[in-house]
Amino acid sequence: MPTSPVQLTTPRVVNENFETGWKYYHGDGVPRNKAKARRFFEEAADDGYAEAQRLLGTFYYYGRGVPKNYEIAFRWFRLAALQGDAQAQQNLGHMYERGQGVQQNSGQAKYWYEQSGATSYSAWYDLTHETEQFADTRGRRPLTLSPKPSAPTPRVAESKPPVA
């Protein structure tokens, strides 16, 4: 358990367009239709719904039903991240770290990784483990985050792509 109060989950706000898009995306009570789902997600994202913005970022990052485009993915992730979405913040750190859709910037990577840690305990640990192995390409120095809450380090993959 964390030693300081940390928000473990984000309360889910219902957005009708997002919920309808989710049903079409998964075929939940309606025929599965990813194009229709994306249209509903876009409406929810245009209304400022962070979860839809993050999901659209994931679509463009991986090329799910749309052409793969890191620049568009970055823009959607950024909109969600600015609203405090920890997964979108993590995704921005990942993209800054690797220079995907944006100029590589270890300072911005560190900033967004730390932001995600401030809003989600599990994202913090996923990221601190990942960023311990991230080196600044100019000096090959490890990127360190501070301060770390004390807790056992969970097992995570060496490098993770953005999370939906």
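A residue is called buried here when its relative accessible area is under 20%, and by that criterion A86, A88, Q89, Q90, N91, L92, G93, H94, M95, Y96 and E97 of helix α5 are buried. The model is a predicted one, and what follows should be read with that in mind.

From the first C-alpha to the last, α5 reaches 19 Å, which is close to the 18 Å expected at 1.5 Å a residue. At the start of α5, a side-chain oxygen of D85 comes to within 3.1 Å of the backbone nitrogen of Q87, and just after the helix G99 takes a positive phi of about 70°.

Helix α2, which runs through residues 34-46, can be described in the same terms. The buried residues of α2 are A37, F41, A44 and A45. Because these buried residues fall within an arc of 100° when seen down the helix axis, they line one face of α2. The partners against which the buried residues of α2 pack are α1 (16-26), α3 (50-62) and α4 (70-81). At the start of α2, a side-chain oxygen of N33 lies within 3.2 Å of the backbone nitrogen of A35, while G48, which follows the helix, has a positive phi near 90°.

Which residues does R38 contact, once its neighbours within four places in sequence are left aside? They are L56, F59, G65 and V66. The C-alpha atom of R38 is also separated by 9.3 Å from that of A52, a residue 14 positions away along the chain.

The structure holds one cavity of 30 Å³ or more, and the largest cavity has a volume of about 40 Å³. Which residues line the largest cavity? The lining consists of Y25, K34, R38, F59, R64 and G65, and of these F59 and G65 are also in contact with R38.

Technical notes:
Residues are numbered from 1 along each chain as its sequence is written. This is a predicted model: local features need pLDDT of at least 70, side-chain atom pairs count only at pLDDT 80 or more; totals for chains, interfaces and linings use all residues. Side-chain values use heavy atoms; hydrogens and water are left out. Helices (H or I, at least four residues) and strands (E, at least two) are DSSP runs, numbered from the N terminus. Contact means heavy atoms within 4.5 Å. Buried means under 20% relative accessible area, exposed over 50%, partly exposed in between (1.4 Å probe, protein chains only). The arc is that of the directions from the helix axis to the C-beta atoms. A polar contact is a pair of N or O atoms within 3.5 Å; within protein, one must be able to donate a hydrogen and the other to accept it, and residues adjacent in sequence count only if both atoms are side-chain atoms. On a 1 Å grid over the protein atoms alone, a cavity is a set of points where a 1.4 Å probe fits but cannot get out, and a pocket is an open set with protein on both sides within 12 Å along at least five of seven lines; lining residues have an atom within 4 Å of a point. Grid points are joined across faces, edges and corners, and a volume is the space filled by probe spheres set on the points. The expected span of a helix is 1.5 Å times one less than its number of residues.
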